[in-house]
Amino acid sequence: MMKKIVWAVMALVVMFTSCNDDDYLNVIPGSSVALLSVDLQQMQQNAGEGSDGLAHSLCRALGISADEDMGVDMSSRLFFFESQDGAFGLAAKVVDRKRVERFFGHLAEKGICQELTTNHGNSFTVVKGSWVAGIGNSALVVLGPVLPAQQTETVRQINAYFKQDDDMGIKSSPLFERLETVSSAVSLVAQAAALPEKFVAPFTLGTSDKTDLSQVLIAAEIERADGCLRVKSNTFSQNKQVNDDLVEAKKAFRPLNGVYHGQLSGADFCSLLMNANGGELLKLMQKNRSLTALLTGVNTAIDMNKILQGVDGEIAVIAHDTAPAVSVHAQLANDEFLKDVGYWMESCPEGASIRKDVKSEHSFIYQDKERKFFFWVTPDQQFKGQLVPNGSSLSPGKAMNPSAVKMLQGEKVCLLLNLEGLGSDEIVETIKSVLFPVTGSISTIICTMQ
């Protein structure tokens, strides 16, 4: 009798394990370098909309009837991921495979995707010519963008994903482990190496030029508020030494009081704001690969190291566009660097010059074959700089979203991205079209370091 009970219990365990609600997560490769989770149900509750609101929004975005049944479980989380080879993917839980296939059949009728084919028991199609979608019994996987010549290999890859178990899928990854501790409706965990180097550089301050950025992880809570996408990030590492360096570096930053918030424009491509002692900041920057390269480029004619050593307070670096046209604002503790300007004038490299600007006593212009850099010190001890390509000038900005400016108050390191300046290539437009039904219309992304 006892043996029968044991076998019955084991059978129940196997049965419940085999139909686990999160089995669909196994299609996400455990080696993924970035993972974004979207809790659709929580988002709907936060927005005060009906549970089917997002499904209808997605249908309308794809040109399908708002009453179309996609066959995807909207009460389970959607996952976006980046694979180790740089491909972007989407994983969703399938409620009814036939309904999903019927949904893609209707997309095919509208010319949005190809007719479905079957491969190793799974159904496949190509959406908009470059995104391969695979439909299994428990999961929908979309992977891309891929060239036509890569589609067969991508189908093979997705078939391999469908065969993964708990040990091979994302549930065994440190990214997923950390993601489960983030409570926001939209959350992200990514290796710093998976994100654009220029954008991630301020958040990896403290790491040395020898640090493997795949060891640096960024966890973020993402929420929509007043036309902004707010990203509250925390940088950490499972490597104790790297993590200790990151924790120590954060101590160098102080809360923003809004000294340069009035300089921000809704048309600026990217803005970085922080409050720190320039000498301490310089030490951190000199350890960082990408920021060291930036300083090296500027220091060919102007000793930005010396200028930075005189800074103590708030700093704003604003990229107005991708040309680039850049403005720099910083509060100074001293203007000792002005004593060296005469030497800079005499030691300019060939083809470059520094001359005094007649606008004020401490105003100068650096110029070479490609650019001009105007820099000066104001009577109230602020450093100002403007970098523009030759033959161009800074255009007047437009008003910044007041809600975005308010969100910056009290933060320590802030990176603002204006969506109007992100460009319109295929990846950017695809991301916008996917996120719009989820986030709604947003104008600014605000990334802060916690």
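Visitor: What makes Trp344 count as buried?
Guide: Trp344 has a relative accessible area of 4%. Buried means under 20%, exposed over 50% and partly exposed in between, using a 1.4 Å probe and protein chains only, so with its 4% Trp344 is buried. Before we go on: this is a predicted model, where local features need pLDDT of at least 70 and side-chain atom pairs count only at pLDDT 80 or more, while totals for chains, interfaces and linings use all residues. Residues are numbered from 1 along each chain as its sequence is written, and side-chain values use heavy atoms, leaving out hydrogens and water.

Visitor: How many aromatic pairs are there in the whole structure?
Guide: The search finds nine. One of them joins Phe103 and Phe104, with 5.6 Å from centre to centre and 85° between the planes.

Visitor: Why is the pair of Phe103 and Phe104 called edge-to-face?
Guide: Rings of Phe, Tyr and Trp (its six-membered ring) pair if their centres lie within 6.5 Å; planes under 30 degrees apart are stacked, over 60 edge-to-face, and the rest tilted. Phe103 and Phe104 pass at 5.6 Å, and their 85° is over 60, so the pair is edge-to-face. Phe103 is buried at 4% relative accessibility, and Phe104 is buried at 6%.

Visitor: And what makes the pair of Trp344 and Phe375 tilted?
Guide: Their centres are 6.3 Å apart, with 50° between the planes. Trp344 lies in helix α12 and Phe375 in strand β16 (residues 371-377), so the pair ties together parts 31 residues apart in sequence. Helices (H or I, at least four residues) and strands (E, at least two) are DSSP runs numbered from the N terminus. Phe375 is buried too, at 0% relative accessibility. Ring pairs also link Phe337, Trp344, Phe364, Phe373, Phe375 and Phe383 into a cluster.

Visitor: How do you know that Lys356 sits over the ring of Phe364?
Guide: The charged end of Lys356 is 5.5 Å from the ring centre. The rule asks for NZ of Lys or CZ of Arg within 6 Å of the ring centre and within 35 degrees of the ring normal, so 5.5 Å meets the distance limit. Arg178 likewise lies over the face of Phe236, at 3.9 Å from the ring centre.

Visitor: Why is the contact between Asp340 and Lys306 called a salt bridge?
Guide: A salt bridge needs a side-chain nitrogen of Lys or Arg within 4 Å of a carboxyl oxygen of Asp or Glu. Here N and O are 2.6 Å apart, so the contact qualifies. The pair links distant parts of the chain, 34 residues apart: Asp340 is in the loop between β13 (325-332) and α12 (341-346), and Lys306 is in helix α11 (residues 304-309). Asp340 is partly exposed at 24% relative accessibility, and Lys306 is partly exposed at 27%. The whole structure holds 14 salt bridges, among them Arg99 with Asp96 at 3.5 Å and Lys171 with Asp166 at 3.0 Å.
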